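Have the structure open while you read.

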Amino acid sequence: MLKRLYKIFKPADPAGPLIIPEREHQISERDISKNAARIVEQLKKAGFDAYLVGGCVRDLLLDGHPKDFDVATDATPEEVKKIFRSARIIGRRFRIVHVRFGREITEVTTFRGHPGKTKPGADHTKSDKGMLLRDNVYGDIRSDALRRDFTVNALYYAPDNGAILDYAGGLEDLQKRQLRIIGDPNARYKEDPVRMLRAVRFAAKLGFSLTPETEAPIREHAEYMADIPPARRFEEVLKLFTSGYATAVLKQLEEYGLLTYLFPGAAACLQAGDTFSERLIYAMVTNTDKRIRSQKRVTPAFIYAAMLWPPLQNKIHTLMTEHKLNHHEAMQQAASGVVGEQLAYTAIPKRFLIPMREMWALQQRLARREGRRAYQTLEHPRFRAAYDFVLLREEAGEKLDGLGLWWTRFQDVDEDERETMIANLPQQKRPRRRRRKSGPATPSDNA
Ligand code: ATP
Ligand code: MG
């Protein structure tokens, strides 16, 4: 953190930044990615201005370990590309350069101009509602700072002399552990509604509060989220749920009315006070947070399987009671229906969608264990995730006749014991031969 913030005096130029020299803060060269520092150095050698910026400076000051290091410069993407052989220009809405050294990719962005002060014809487009569709107008470091989202995300660090530059009051907010949106909150949320999700994520992750003017418009403007394309909403869902603070994030998403724009079915169940859904979803985020903390892998397929499970069950119930489908048919139809509806809110890439549906289908198969079935299910590539999901359902209070425990043992014991376990299974009613429009399934089907 900072050693003596209050010793820092205002600059002579009121538009200039607060400058905190190296001796006044605790960022040490050792904590900085060699590659990012090298990129800054090479840009400077080529005559450009360059800094580390954003989350990495924030996290370094908080004694955290930045996930990645971002660089801001006055060089245009084309100029950056000329300097680094491994550079690739990406993005349309917001053009940036990826510079790769070994496995590390550093994002290099060109200082953005002030969106309000652009000339006609500049590459800067807003929708009818004021949402920023493209933002490729370049400017200087000050305008770049002011178009960033929160003050604590707008700090610049110069690796060459160790100084920190603060144009937006970020150091004071960092000291007070608060998130403050830069500029007029209404306009900034309108310009990019994802900033509301970012506010929730950073508050949870950093343990910061939102200043009143940052917080107040969120409930009112949550509906702006409807204009964000599903693909971008999916990206944000991943960041929110794999932040390591998904439990706090979820509470806040509910609280601010944002969850409806990410998972409308789950949001409706939670709003209706459905305690099973609440326990299931919160058990999932608690588990996810634990896994992230112990550096275990989490898959979006599992997160989605749980978030969509409550609406899936409601649909299955309707199809079985009102349309008289059997459980298997109802499950198939309901799964397609729920996925179809979800895709209007967040994308679900196939690599997650398929495993998620397999996990759902396996919920039924895990209950059928007689003969060779248990062995076959055990071999299924999605067995582990599906078994974890059974445990989650039980944790949330679903009565599955000790199914989770049975499978826990079955994985542990030897061949003879497995045979005994199968032989000792309670006699399952044979599923009735399928007739057209057969009645509701037996309770053992009820996965
Ligand atoms: P994380 O720890 O999640 O990487 P971060 O602050 O680095 O946090 P990024 O998404 O990597 O977040 O973005 C880098 C920087 O770009 C931010 O710190 C912020 O200054 C700016 N930024 C990112 N997204 C937005 C946005 N939607 N609006 C304004 N500024 C943004
Ligand atoms: Mg970052």
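For sorting residues by class, Ala, Val, Leu, Ile, Met, Phe, Trp, Tyr, Cys and Pro count as nonpolar, Asp, Glu, Lys and Arg as charged, and the others, Gly among them, as polar. With that sorted, the lining of the largest cavity splits into three nonpolar, no polar and three charged residues. They are Lys129, Met131, Lys190, Pro193, Tyr224 and Asp227. The cavity holds about 30 Å³ of space, and the structure has one cavity of 30 Å³ or more.

On a 1 Å grid over the protein atoms alone, a cavity is a set of points where a 1.4 Å probe fits but cannot get out, while a pocket is an open set with protein on both sides within 12 Å along at least five of seven lines; lining residues have an atom within 4 Å of a point.

This is a predicted model, where local features need pLDDT of at least 70 and side-chain atom pairs count only at pLDDT 80 or more, though totals for chains, interfaces and linings use all residues. Residues are numbered from 1 along each chain as its sequence is written, and side-chain values use heavy atoms, with hydrogens and water left out.

As for confidence, pLDDT (the predictor's per-residue confidence, from 0 to 100) averages 91 over the protein chain, with 91% of residues at 70 or more.

Now the largest pocket: its volume is about 1,300 Å³. Of its 38 lining residues, Asp70, Phe94, Glu107, Arg198 and Lys239 are closest to the centre. The lining has eleven nonpolar, six polar and 21 charged residues. H7 gives the largest share, five residues; helices here are DSSP runs (H or I, at least four residues), numbered from the N terminus.

Which residues come nearest to ligand 1? Of the 17 around it (a heavy atom within 4 Å), they are Asn153, Asp192, Arg195, Arg201 and Lys205. Some polar contacts (N or O pairs within 3.5 Å) are listed here:

| Ligand 1 atom | Side chain (N or O atom) | Distance |
|---|---|---|
| oxygen | lysine 67 | 2.9 Å |
| oxygen | arginine 148 | 2.9 Å |
| nitrogen | aspartate 192 | 2.8 Å |

How values were computed. Chains are lettered from A and ligands numbered from 1 in the order in which they are written. Grid points are joined across faces, edges and corners, and a volume is the space filled by probe spheres set on the points. Helices (H or I, at least four residues) and strands (E, at least two) are DSSP runs, numbered from the N terminus. A polar contact is a pair of N or O atoms within 3.5 Å; within protein, one must be able to donate a hydrogen and the other to accept it, and residues adjacent in sequence count only if both atoms are side-chain atoms.
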